[in-house]
Amino acid sequence: MTASLSPQFAESFERADITETFFSEDEKDDLRDYEKREQAPLGDPKSSCNTNIFFGFFFDGRRNNYVKANSTKAHSNIARLYDCFPGESVPGVLPEDTDWKHNASSYNNFFRVYVPGVASPFKQVKDSGEGFFDATLGGGAGRQSNERIVWALALQLLPSESYKKGWLKIKDERGKVVQTLPNADPYSEIYLKRNEWWGLVDERWLTAKDGLSIKWDEFVTNIKLAQEFHREIKSTFHKNTFVYYGAGDKKQASFETIEWKVSRGITPSSANRPTQNELLAYRHDQVRTSGSNLIYIGGETVFMPTTGYMATTSSYETSFWKIICEFQDGRGDGTVPASSGSNPRLAGGKNVRQQFRLSGFSHEPSYKDVTAQRVTHYAITKISTLADLS
């Protein structure tokens, strides 16, 4: 048996984010060709839509956290890959000095999202990374992993102005719809509502305990940038587009609408019950929520200790009203509703050559479905035959 040591790596390989020293001259020539191919054309609004958009989602492993690793520089492979991916970052997750600096203006169609590992601090989903629930259950049972995935996907899945009107509904205790939004513009009517409990963001969530906070004005700027981006790519498809989408039910059910349902809670011992109409104007600081889909109006958490050999403490919530988000109400793939999945055929005109309505799979693992694989193979074959190679 023989063995040999690996040759010593050059210092230039220690910093993959420094393009000039990490790559050879030949590799940099190749990179420039690839970058030019993928950059959005400037100066022509129509041509600027004829480009690819790149999203990079970097979910760090258990207890791994970019910021906490800064002191020792013991960053995970996921954090290092995030450093190598160019483009715009999500403000407030990491310090500004981690933003992509190299030739940043050339990567306007690249977007990167870093998500700290479970059992580590992540204020965007109210995970402190400490204590029994966040640290112990996070590390042992993956608590708050689902919230991380939903948070990352929400950045790309907010309904735009093209989505149907009235997708946010609030129902009273009899099931009657008492408020429907948006009437026209979800950005101003929902996403940028600063105080209302049914708005997109509680401003307090933007304030980091031990990290970089986001000011409300910065949040507004980002939402307006998203609005401009949505308007720019609206109804834009390659001339040889083939589409399949999920239209399943049960396990693949998706949210066509968001419906908040009001019901009576266990009445507290004091104070007067607000009317249901008054609830519509309540602010974030007038409701109680742990970040789940259950909201309490008034009341408190009541603890009830028990006695005996196996003494424990149980608890219950008192409230004048409870508001809960109802379950998925439409077909889809568990993420995208069928009405959105089927939209390309309506919006893309002749550019959308064919569209396939399928079922039986979820959003992320759709390519594991045999029918989806066959449709994909068929689409690639058709695109190849339609390609203009002259």
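A: First, the whole chain. The protein chain has 12 helices and 12 strands, and keep in mind that this is a predicted model. Of its 390 residues, 35% are buried. If you take the contacts in the chain with a separation of 6 or more, 65% of them are between residues 24 or more positions apart.

Now for the part you asked about. The sheet is an open one, built from three strands in the order E1-E3-E2, and the pairing is parallel. Its edges are E1 (54–59) and E2 (88–89), each of which pairs on one side only. Helix H4, covering residues 77–84, packs on this sheet and touches E1, E2 and E3. The direction of H4 makes about 160° with that of E3.

Zooming in on one pairing, E2 and E3 (residues 110–115) run parallel and are joined by two bridges. Here Glu 88 of the pair stands opposite Phe 111 in E3.

Next, the cavity. The structure holds one cavity of 30 Å³ or more, and the largest cavity has about 40 Å³ of space in it. Its lining is made up of Tyr 82, Ser 89, Val 90, Val 93, Leu 94, Thr 98, Asp 99 and Tyr 114. Sorted by type, that lining comes to five nonpolar residues, two polar and one charged.

For contrast, there is another sheet to look at. This open sheet has five strands, in the order E5-E4-E7-E11-E8, and its pairing is mixed. The edge strands are E5 (177–181) and E8 (294–297), and each pairs on one side only. Inside it, E4 (residues 168–171) and E7 (residues 258–264) run parallel, with four bridges joining them. One of the residues to look up there is Leu 168, whose bridge partner in E7 is Ile 258.

One last stop, at a single side chain. Gln 227 belongs to helix H8, which spans residues 216–233. Gln 227 counts as buried because its relative accessible area is 12%, under the 20% cut-off. Leaving aside residues up to four places away in sequence, Gln 227 touches Glu 161, Asp 185 and Tyr 187.

Notes:
Residues numbered from 1 in each chain as written. Predicted model: local features only at pLDDT ≥ 70, side-chain atom pairs only at ≥ 80, totals over all residues. Heavy atoms only, no water. 1 Å grid on protein atoms, 1.4 Å probe; cavity = no way out; pocket = protein on both sides within 12 Å on 5 of 7 lines; lining within 4 Å. Points joined across faces, edges and corners; volume = space filled by probe spheres on them. Nonpolar A, V, L, I, M, F, W, Y, C, P; charged D, E, K, R; others polar. Buried < 20%, exposed > 50% of the residue type's maximum accessible area, 1.4 Å probe, protein only. Contact = heavy atoms within 4.5 Å. Pairing = 2+ DSSP bridges. Axes fitted to C-alpha atoms, helices over the stretch in contact; angles between N-to-C directions.
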